[in-house]
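The following note was prepared for a colleague who has the coordinates at hand. Please read the numbered points alongside the display.

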Amino acid sequence: MPVLGLTGGSGSGKSTVAARLRELGAHVIDADRISREIVKNDAVKARIARRFGDRALADGELDRSWLAHTIYADPSARKALNAIVHPEVKRRFREETAKAHREDPSAVVVWDVPLLVETSMHRHADQVWLVVSPYDERIHRLMQRDGISGEEAKLRIAAQLSDRERARAADVIIRNAGTLEALNRFVDALYDDFLRMYTNEERKEP
């Protein structure tokens, strides 16, 4: 069963590409969803509270806004949080990939992971796609999506790997700088090529 690794910086449009791949029949495993589920676990919340203090929790749940501001402003805090969360994220990816394989041995599994390269998960994918987008558009999308200031959006992007660094690990670069229709057409063609290369099949029209 082939695994397609999908990554991109904040505001790049990676989630839009993931949504299109889901429409095309791929089994998409979303790292953000898994992370949100993991931090609801009481043991994980306790570890985070021990590291960051009670301020990390609000009414017994993780204060995601406060924690995001903290880790993007402080590399050591970001490293500490990743050390708590990432091993569990990788375990869940292994479990969900195996489950998808059992349920449909012919399925293409897409790992939708912002930190695909940083966590070395790209090494276990058959192909890696990187979504890139103009800097100003990324800033605008983050401000609109997360309700944050331009400065906060810039801080988040600066805390991540650059597109150039990610590109060293990518097999395909998707430049998201046009219309949604153009992006979908490009993704459709790439996915057809991927299917022919790794499954000897062609995509059926959605």
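1. Basis of the note. This is a predicted model, in which local features need pLDDT of at least 70 and side-chain atom pairs count only at pLDDT 80 or more, while totals for chains, interfaces and linings use all residues. Residues are numbered from 1 along each chain as its sequence is written, and side-chain values use heavy atoms, with hydrogens and water left out.

2. The largest core. A nonpolar core is here a set of buried Ala, Val, Leu, Ile, Met, Phe, Trp, Tyr and Cys residues joined through side-chain atoms within 4.5 Å; buried means under 20% relative accessible area, exposed over 50%, and partly exposed in between (1.4 Å probe, protein chains only). The largest such core has 31 residues, of which Ile-48, Phe-52, Phe-93 and Trp-111 touch the most other members. Two or more residues each come from helix 2 (31–38), helix 3 (42–52), helix 4 (64–73), helix 5 (75–103), strand 5 (109–112) and strand 6. Helices (H or I, at least four residues) and strands (E, at least two) are DSSP runs, numbered from the N terminus. Helix 5 gives the most to this core, with 8 residues.

3. Beyond its neighbours within four places in sequence, Phe-93 is in contact (heavy atoms within 4.5 Å) with Ile-29, Asp-30, Ala-31, Ile-34, Trp-111, Asp-112, Val-113 and Met-121. Another core, of 20 residues, lies apart from the largest one; among its members are Val-17, Leu-21, Val-172 and Phe-194.

4. Helix 4 against helix 5. These two helices pack at an angle of about 120°, and their axes are 5 Å apart. Axes are lines fitted to C-alpha atoms, for helices over the stretch in contact, and angles run from 0 to 180 degrees between N-to-C directions. Helix 4 is therefore oblique to helix 5, given that angles under 35 degrees count as roughly parallel, over 145 as roughly antiparallel, 65 to 115 as roughly perpendicular and the rest as oblique. From helix 4, Leu-67, Thr-70, Ile-71, Tyr-72 and Ala-73 meet Pro-75, Ala-77, Arg-78 and Leu-81 of helix 5.

5. Ala-68, in helix 4, is buried at 16% relative accessibility; its C-alpha atom is separated by 36 Å from that of Glu-103, 35 residues apart along the chain. Ala-100, in helix 5, is buried at 3%. Outside four places in sequence, Ala-100 is in contact with Met-1, His-27 and Val-109.

6. Arg-156. This residue belongs to helix 7 (residues 150–158) and is buried, with a relative accessible area of 13%. Which side chain does Arg-156 join in a polar contact of 3.0 Å? The partner is Asp-146. A polar contact is a pair of N or O atoms within 3.5 Å; within protein, one must be able to donate a hydrogen and the other to accept it, and residues adjacent in sequence count only if both atoms are side-chain atoms. Not counting residues up to four places away in sequence, Arg-156 touches Ala-68, Tyr-72, Asp-146 and Ile-148.

7. Ser-133. The loop between strand 6 (127–132) and helix 6 (135–146) holds Ser-133, which is buried at 9% relative accessible area. Its side chain makes a polar contact of 2.8 Å with the side chain of Arg-141.
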